[in-house]
Amino acid sequence: MPTGSGKSAVITTLARCFNKPGPVVVLTPRVGLREQLKWDIDARFLEHAQVAASLPRRVIELDEGSSALGDLRDAILVCTPQMLSSLKRRGNSLFTQLKR
């Protein structure tokens, strides 16, 4: 999709409205986009659209320091594919939790 076509809006809407328990994992190809998308999903898009952020999901940006994050049933996790591979390679318990 081209720039300005609403990719962030679609991703935000789908991630926030997914109603099954368990984490929603949003993959982005670069760290810079991960940071931007985390902010978009967490608040920026909803503020811009003038929509109340009342949906019960917390947004977490996974990075090298990520480890035990508690209960992930209400989480939206934004990360890169490389981060998931790194978690798996290091045997991080968070990767095991995400596999469920």
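The following legends describe close-up views of a predicted model.

**View A. The open sheet comprises three strands in the order β1-β3-β2.** Pairing within the sheet is parallel. On average, neighbouring strands are turned by 20° against each other, direction ignored.

**View B. Strands β1 and β3 (residues 75-79) run parallel and are joined by four bridges.** For V26, the bridge partner in β3 is V78. The sheet that contains these strands is also packed upon by helix α1 (residues 7-17), which touches β1, β2 and β3. The direction of α1 makes about 160° with that of β1.

**View C. Helix α3 (residues 81-89) has a buried face formed by M83, L84, S86 and L87.** Each of these residues is buried, that is, under 20% relative accessible area. Viewed down the helix axis, the buried residues of α3 fall within an arc of 160°, and they therefore line one face of the helix. This buried set packs against β1, β3 and α4 (93-99).

**View D. The face of α3 turned away from its buried side carries exposed residues.** These exposed residues are Q82, K88 and R89. Helix α3 is followed by G91, which has a positive phi, near 70°.

Definitions and conventions:
Residues numbered from 1 in each chain as written. Predicted model: local features only at pLDDT ≥ 70, side-chain atom pairs only at ≥ 80, totals over all residues. Heavy atoms only, no water. Pairing = 2+ DSSP bridges. Helix = DSSP H or I, 4+ residues; strand = E, 2+ residues; numbered from the N terminus. Axes fitted to C-alpha atoms, helices over the stretch in contact; angles between N-to-C directions. Contact = heavy atoms within 4.5 Å. Buried < 20%, exposed > 50% of the residue type's maximum accessible area, 1.4 Å probe, protein only. Arc of directions from axis to C-beta.
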